[in-house]
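User: I've got a two-chain model to look over. Can you walk me through the main features?
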Amino acid sequence: MSMKPIITRRTLLGTGAAAAAMTLATPGLVRANTFPDRNIDVYVPTSEGGGADRNFRAFSSVWKEKLGADFEPGFYPGASGRVGYEIYMGRAEPDCYNLIFGNMGPEVLNWAMQEPGFDVDDYFYFGQVDKDPCCLFVGAESPLQTMDDIVAAAKTRRLNVGTSRMAHPASIGLLSLGEELGIDFNLIPLQGGKGTVAGAVTGEVDFSVLTSGSVIAAGESVKTLLVFGNNVVGDRLNDAPSINDAYGMDLPEMLSARAFGIHKKAADDFPDRFDILTTTFKDTFDDPRLMEAYIASKGTPEYLSYAGVEECAAFKQSMLELGARYKSLLSGA
Amino acid sequence: MDSSTAAILNEVFFDTIGYWYVILPTIFLGLIVGGIPGFSAANTIIILMPLTLAMDLQTGLIFMISLYCSSRMGAGIPAILVNIPGTAGAAATPLDGYPMAKQGKGQQALAISFVASCIGGLLTTLIALATMPLLARVGFYMHSVEMIVVMLFGISLIASIAAQDMVKGLIAGFLGLMIGSIGTDVVYATPRGTFGFLELYDGVPLIPALVGLFAVSEALIIIEKRIIINHEAEIKKASWHDTFEGVSIALKRWWHIMWTSVIGLVIGVIPGAGASIASFVAYQQSRSFSKTPELYGTGHPEGLIAPESANNGVTSGTLVPLLVLGIPGGATAAIMLVVMQFHGVSFGPSLFEDQPKVGYGMFMAMAVCYAVMIFTILPLSRYMSHVTTIPTIYLAPMIISFTLVGGFVPREYMFDMYLALGFGVLGYIARRTGYHVAAILIGVILGPLLEKYFLWSLKKSDGDIMVLFSSTLGNILWVAFAASIILPIVFGMRRKRKSEVVIQ
């Protein structure tokens, strides 16, 4: 009597093929248990040693313990962040092992000015680390020391206003203020935070607009008059009121908001991995060591602020809409 | 200076001397990183940031200042010996330094450069210390309109270079200006001439252009010879005599060192201006008021002294707006700002009232560093100059590899290495066909800066070109600029007439 084999060649091949298909077809389900089994690569679209670098290192020093894997930054500066995003979207595998650490304010405005080589909906931000509201400030020796001075001076001549670059949330804040007050401000892009502060201090321009972290760092050389968001640091921004309170406006906060982003495809294909990323990201905010690391990296403690996928999406969308609205003024097109 | 300030200066002087064990090794580190193209004090401090932050405030400051000064000087060494300016600030150094090296005077040239750098740096540090409140005001008067004229001082060097062959000189200069206009425009960030390369959006990166035009093209040229120095120049056995002769040549021109370093100091205190502007402007001014302008570019000591004194004058200048106004004058000063803020130092007018030892201590550290540097580096000139006698079959590949790595370092893009090679080929063709690469480079470096200030001025005035003549200081500078162009021509004609009379 011959024994019938329990596993025939056909069943073996069939089972193997089914297993392989299962593995490939449901990667999130099968592989998520081991995620992450290697370090996470983070694309930073600015230079090493800058504010984003310090911010990233502070946050990832705590997050890596929650996630159980380290983060390896790669710096791709240039074209106001455009180079880093293009490289991330063009070369990085959408597998949740590659993230981008960008700025939802100025960098998203870029896409409104000039479309990138990828679809802006093909990536999204899932975790905001901090938010730094933009503000309006004058040099300590400027003849314009109050908003009333500025409004009065604007009636006699066109005021020159320094900004880091045209496509910047601070520029939009100023243009909105101009619309509200019926003033035509002349924006002068002074290429970066240092130049923008120097422009206001030395009188190259009448006053400047910039993210408030850089203005706080300038100390007593400058005086803040208005915040394009909420003033949560009080006298460090000279107790300047928010634009909405001062002028009864309804402007969304104009922010520099650093956040981690990811390919949409990665989140769709690997939902469990993405869930681990978002859960551990949020948990990081509950750890008191994060605040210590953030302060040590010269962050303004009040600006450390969590926001999840929905809030980030809403902010990204508002930047794109405002960018489109002011495109002609910001791009000269 | 009141007695309390004198007492503080006295105290910080002896305190700083006590940190000799930090200063000495940092000087050598700075000379190395300054000499490697692409590296600078700024990116070295970034790399060593964890170490710097772990130090106490005074040690950290002395470390950063020593690194800043010595790397500035270090950048001049390869510029003189092998035509590789390590940074844009040393771009004017090889104009006369390298011809000296080719004539077998490398050791002398190094000694001249070291003395000019140290005296220039030391002198401007002391001037900055004494006139800080006054100097801090310079930035309040030098706005975009005035800076346009300053840029023109530097760019007019193209005309001087073109004097040898007007058509080729001007073509090279315009080519440089065109290359300099690549990238997004200053106002609306519209890309121009980028050929679709995102890596060119911020303009042509300076270090790859610098090392390509100077070093790679030079490597291609020297490979045709056995050694760098000209065959007709005698290869002498190195001796201390050349070093002392270099020191003597430099010291005899003490006045030249003084006024060119002050140009560096004044340009250094203007936020955003830097060593590259200062060295070209100083070189141009030095040539304009020289009795022997025709010798510039052939290995003239004054053509080496001017850029080296000026770029070291910039170092102390950049500290002034940082300490007095809280505005960093350059990239290194910006990183110092971060480190000092980490230690809770607040900048601005009250710094010298609240923490006078920090403010004065930084200048004192700079003064002590320059004084120590002259004694530590001069003996090295004898050995460094041997580089020029290394057979080119070894030297040329080393130059090319070093410079390509240097081109890669600032942004870490492979694209920048290809760009350096491209500029190397351009430089080689230019040299072989009699076009001056320095004219191209001046356009590449100063062109974008001129454009920036010009567009700012026009934007501020709603496109009114007369804004260029709208400020008193600007108009004074315009007159000085016109004088610096016209007077040398008049003096030259007068000299020529006199010599003709003598011959008759």
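User: Start with chain A. How much of it is buried?
Analyst: Buried residues account for 48% of the 333 residues in chain A. Buried means 20 or more other C-beta atoms within 10 Å of the residue's own; 12 or fewer is exposed, in between is partly exposed, and C-beta atoms are placed from the backbone. This is a predicted model: local features need pLDDT of at least 70, side-chain atom pairs count only at pLDDT 80 or more, and totals for chains, interfaces and linings use all residues. Residues are numbered from 1 along each chain as its sequence is written, while chains are lettered from A and ligands numbered from 1 in the order in which they are written.

User: How many helices and strands in chain A?
Analyst: Chain A has 15 helices and 10 strands. Both are DSSP runs numbered from the N terminus: helices are H or I with at least four residues, strands are E with at least two.

User: Pick a helix in chain A. Which residues of α13 are buried?
Analyst: In α13(A), residues 288-296, they are A:Leu290, A:Ala293 and A:Tyr294. Seen down the helix axis, they fall within an arc of 100 degrees, so they line one face of α13(A). The arc is taken over the directions from the helix axis to the C-beta atoms.

User: What's on the face turned away from that buried side?
Analyst: The exposed residues A:Pro288 and A:Arg289.

User: What covers the buried residues of α13(A)?
Analyst: The cover includes α3 (51-67), α12 (271-284) and β10 (304-307) of chain A.

User: α12 again. Is A:Ile276, in that helix, buried or exposed?
Analyst: A:Ile276 sits in α12 of chain A. It counts as buried, because it has 20 C-beta neighbours inside 10 Å. A:Ile276 and A:Lys66 are 210 residues apart in sequence, yet their C-alpha atoms are 9.6 Å apart.

User: Where is A:Cys96?
Analyst: In the loop between α4 (82-91) and β3 (98-103) of chain A. A:Cys96 counts as buried because it has 26 C-beta neighbours inside 10 Å.

User: Switch to chain B. Which non-glycine residue has a positive phi of about 60 degrees?
Analyst: B:Ala189. That residue is in the loop between β1 (183-184) and β2 (191-192) of chain B. B:Ala189 has 23 C-beta neighbours inside 10 Å, so it counts as buried.

User: Now helix packing. How do α10 and α24 of chain B cross?
Analyst: α10(B) covers residues 144-155 and α24(B) covers 437-460; their axes come within 8 Å and cross at roughly 160 degrees. Axes are lines fitted to C-alpha atoms, for helices over the stretch in contact, and angles run from 0 to 180 degrees between N-to-C directions. The two helices are therefore roughly antiparallel. The cut-offs are under 35 degrees for roughly parallel, over 145 for roughly antiparallel, 65 to 115 for roughly perpendicular, and oblique for the rest.

User: Which residues meet there?
Analyst: Among them, B:Met147, B:Ile148 and B:Met151 in α10(B), and B:Leu446, B:Leu450 and B:Tyr453 in α24(B). By class, this contact has 12 nonpolar, three polar and no charged residues. Ala, Val, Leu, Ile, Met, Phe, Trp, Tyr, Cys and Pro count as nonpolar, Asp, Glu, Lys and Arg as charged, and the others, Gly among them, as polar.

User: What about α15 and α16 of chain B?
Analyst: α15(B), residues 254-268, and α16(B), residues 275-288, pack at about 145 degrees with their axes 9 Å apart. Their contact has six nonpolar, six polar and no charged residues.

User: Last one. How many residues touch across the two chains?
Analyst: 36 residues of chain B are in contact with 34 residues of chain A. On the chain B side, α18(B) gives the largest share, five residues. That side divides into 20 nonpolar, 10 polar and six charged residues.

Notes. Two residues are in contact if their C-beta atoms, placed from the backbone, lie within 7 Å.
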